Amino acid sequence: MAAQSGSTRVIYAALLGNLLIALTKFTAALVTGSSVMLSEGIHSVVDTGNEMLLLYGLHRSARPPDENHPLGHGREIYFWSFIVALLVFAAGAGLSFYEGIAHILRPEPARNIMVNYIVIGISALFEGVAWSMALRHFRREKGKLGYLTAVRRSKDPTVFTVLFEDTAALLGLLIAFVAITAAELLEMPQLDGLGSMGIGVVLATTAIFLARECKGLLIGEQALPSVRRRISEIASEDPDVVRVNDILTVHLGPDDIIATLSIEFRDELTTPLLETCVLRIEKKIITELPQVSSVFVRPQAPLDLRQEAPLNLNET
């Protein structure tokens with residue numbers, strides 16, 4: 001819950017910043033006629049909508065299990081994060097490309113260029129604050145892992161989605177500054193449109209990367225090796241367990257894991273003692289690892305007995 005609370009604060013900070021920045025950029029685009037500033041305004045509107053979708057996804061994923069969803073709704077956050085990636089690609093990158101091509105075909109010199117510089121400076125300040133908050137939160141979550149490795153192993157898409165969005169926003173502002181300045185100094189308004197297309201490239205690259213990471217989470221990823229290792233250790237420490245044969249885990253949400261264990265128990269255990277042992281293992285795992293919401297234990301015969309009596313899948 002603490003991790004989710006931290007993610008929510010980061011999202012709210014990004015939401016407020018992007019909303020203020022979008023209004024500022026659209027005002028500047030109206031005053032100056034800059035294509036790249038209009039693209040930046042579109043970019044900020046898309047980011048604002050994305051933060052709202054992430055908050056909605058967090059709200060939906062926190063709903064308790066029901067009859068139709070006995071394991072809960074944790075994967076809702078993965079679904080909405082994937083939708084965010086699609087919106088960045090379609091709305092953000094697509095509209096930026098369109099606006100850039102339109103300005104190249106019908107170039108118009110920007111007016112009151114100083115307004116653009118002021119807006120870029122203010123936007124960079126707001127985006128920088130939101131980006132630093134997202135980066136600090138991501139650093140706490142990643143520990144000693146590298147940034148790319150941490151993203152690939154992260155089970156909370158809200159953390160890296162906001163960070164990547166803010167990084168793309170800062171890169172977009174840099175492209176806007178370069179494009180506006182070059183168009184003014186070289187008296188080539190087409191460069192303004194080229195800057196819009198550059199922003200589209202940044203957004204498309206960001207969207208593809210986010211979609212790839214969210215797809216894996218949506219399909220289902222196993223728990224981290226450290227979590228699986230501790231589950232195995234807890235089960236193996238029980239005096240009635242001979243060995244843990246296999247562990248299957250899957251994330252239903254950032255802090256929602258189900259685990260299935262295949263265990264060989266002592267032969268002399270009676271049914272009541274076996275049931276007590278299973279309950280004992282399940283309780284200990286959930287107590288020590290609160291992110292594990294459900295544990296399923298499957299008693300399994302020793303390996304030599306399983307080899308002597310192979311399963312016949314052709315039996316009717």
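Q: By class, how many nonpolar, polar and charged residues does the lining of the second largest pocket have?
A: In this predicted model, the lining includes Ala 29, Gly 33, Leu 38, Arg 106 and Glu 108. Gly counts as polar here, and Ser 34, Ser 35 and His 103 also belong to the lining. By class, that makes three nonpolar, four polar and three charged residues.

Q: Which element gives the most to the lining of the second largest pocket?
A: Let's start with the residues: Glu 99, Ala 102 and His 103 are among those that line this pocket. The elements that give two or more residues are α2 and α3 (76–105). With three residues, the one that gives the most is α3.

Q: What volume does the second largest pocket have?
A: Its lining is made of residues such as Ala 29, Ser 35 and Arg 106. The space they line has a volume of about 160 Å³.

Q: How much space lies in the largest pocket?
A: Now for the other pocket, where Gly 253, Pro 254, Asp 255, Asp 256 and Gln 291 are the closest to the centre among the 40 lining residues. By class, the lining has 18 nonpolar, 13 polar and nine charged residues. The space in this largest pocket is about 990 Å³.

Q: Which element gives the most to the lining of the largest pocket?
A: Both helices and strands take part: α1 (2–32), α2 (35–61), α6 (157–185), β1 (241–253) and β3 (292–299) are among the elements that each supply at least two residues. α4 (113–142) also belongs to that group. With four residues, the element that gives the most is α4.

How values were computed:
Residues numbered from 1 in each chain as written. Predicted model: local features only at pLDDT ≥ 70, side-chain atom pairs only at ≥ 80, totals over all residues. Heavy atoms only, no water. 1 Å grid on protein atoms, 1.4 Å probe; cavity = no way out; pocket = protein on both sides within 12 Å on 5 of 7 lines; lining within 4 Å. Points joined across faces, edges and corners; volume = space filled by probe spheres on them.
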